[in-house]
Amino acid sequence: MSSLPDPSASRAVIIGSASYQHLEQLPAVTANLRDLSAAFRDVLVWGLPEQHCTVVEEPVDVSAVLDPVHRAGDQAADALVVYFSGHGLRDSDSADLYLALSRSRENVGYTAVAYQHVRAAVRASKAERKIVVLDCCFSGRAARAMGGGDALTSQAAIDGAYVLAASPGNRVALSPEGETHTAFTGELLYLLRNGLSNGPELLDLDTLYQELRVRLRAKNRPQPQSVQENHVGRLPLVRNRARAARPGTVAGPVLDTDVRSALAVAGLNLSRLLRAAGRSRDALPVLRLALQESPFGGSDGSTLTVQLELADLLAETGNVREAVEVLEQAFHQTHNTFGPEAILVCRRLADLLQEAGNHLQACEVLKHALNRLEYRPPRPPDVSV
């Protein structure tokens with residue numbers, strides 16, 4: 001998984017409350033939700049489809065928070081991102097973290113959402129990479145619950161999970177007066193929108209975390225905390241928007257790949273708008289062009305996403321033979337890979353082959369998918385310097 005999370009196989013749930021009946025108002029949260037959702041959907045950052053990015057604003061009860069998280073967890077095969085912005089609370093009888101609802105009361109845990117339930121929903125997901133971002137007071141308690149030196153570690157560890165918290169367990173997060181965003185999310189958005197001038201082509205969670213610490217420390221603001229399982233922090237999350245803007249950089253093959261990838265994702269988004277408007281046949285030439293522009297072998301998964309959506313649209317419009325050809329091309333590209341995208345290609349190709357009466361070939365494709373599920377390449381050992 002050295003590429004970006006596949007937008008077609010990923011989900012994000014962005015949750016927050018700006019208005020409270022019994023707690024201080026946090027108007028910056030509204031901008032947090034709006035702008036973080038836009039950043040994830042930006043084709044030059046990640047390109048997550050709008051329908052894969054759920055915004056839960058002003059939830060009034062526990063189910064309004066947990067139902068979308070469970071639903072996204074069930075749907076996500078590659079990445080699941082859960083973000084919360086608002087008040088973090090402590091129960092008077094425990095040291096646990098609670099996420100405030102619009103009617104929550106200080107020191108009364110049952111009026112809020114227990115973080116342990118969010119953690120359980122994330123744990124239940126079969127997503128390859130799970131990411132939790134908490135911009136709230138005392139959010140470091142969630143990081144300690146995911147890993148560290150306390151007794152909760154063995155019970156709370158989540159395979160493939162990364163928790164990024166806005167503040168230590170005993171500190172409050174900041175929503176500076178007069179600023180559009182909260183302190184933590186404002187810096188996160190800056191990095192997503194502007195990138196790192198000296199950074200790599202793709203930014204991973206560890207890089208984002210370290211840069212957040214530097215930027216927040218320079219402003220004397222609470223330091224974020226992080227904890228992870230299975231080195232998820234080393235995996236890319238977003239494109240580095242600053243890469244193409246480096247002064248003195250000569251455009252070469254890598255830059256060309258970036259541009260072609262952006263064009264492919266833009267074509268994807270246009271085709272989705274056309275399909276949503278009932279203009280599927282108009283979307284076909286757009287997707288065919290997007291496939292031509294996709295950088296084969298690129299690191300962001302844009303080619304595979306275009307192939308999957310084009311095959312779906314071709315089958316939907318009766319062009320089953322061409323759909324099979326597109327998926328066979330994708331099958332050969334992912335033949336030796338082990339991620340969820342390879343399984344998805346096998347499944348869709350087998351379905352179309354079966355519909356076309358090619359049952360033996362469909363069985364061979366499904367056998368290959370089972371082999372991919374049963375075998376995982378050995379993880380290289382960590383090297384310490």
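Q: Which residue in β10 is the bridge partner of alanine 165?
A: In this predicted model, alanine 165 has glutamine 225 of β10 as its bridge partner.

Q: And in which sense do β8 and β10 pair, and over how many bridges?
A: Strand β8, which covers residues 161-165, pairs with β10 in the antiparallel sense, and the pairing extends over four bridges.

Q: What's the strand order in the sheet?
A: The sheet is open and has six strands, in the order β2-β1-β3-β7-β8-β10, with mixed pairing. Because β2 (53-57) and β10 (225-228) each have a single partner strand, they stand at the edges, and one side of each is left without a neighbour in the sheet. On average, neighbouring strands of this sheet are turned by 10 degrees against each other, with direction ignored.

Q: Switching to helices, which strands does α1 lie across?
A: Helix α1, residues 28-41, lies across β1 (11-16), β2, β3 (79-85) and β7 (129-135), and runs at about 170 degrees to β1.

Q: What about α2?
A: Helix α2, residues 62-75, lies across β1, β2 and β3, and its direction is at about 170 degrees to β1.

Q: Zooming out, how many helices and strands are there in the protein chain?
A: The protein chain has 13 helices and eleven strands, and of its 385 residues, 52% are buried.

Notes: Residues are numbered from 1 along each chain as its sequence is written. This is a predicted model: local features need pLDDT of at least 70, side-chain atom pairs count only at pLDDT 80 or more; totals for chains, interfaces and linings use all residues. Side-chain values use heavy atoms; hydrogens and water are left out. Helices (H or I, at least four residues) and strands (E, at least two) are DSSP runs, numbered from the N terminus. Buried means under 20% relative accessible area, exposed over 50%, partly exposed in between (1.4 Å probe, protein chains only). Two strands pair if DSSP finds at least two bridges between them. Axes are lines fitted to C-alpha atoms, for helices over the stretch in contact, and angles run from 0 to 180 degrees between N-to-C directions. Contact means heavy atoms within 4.5 Å.
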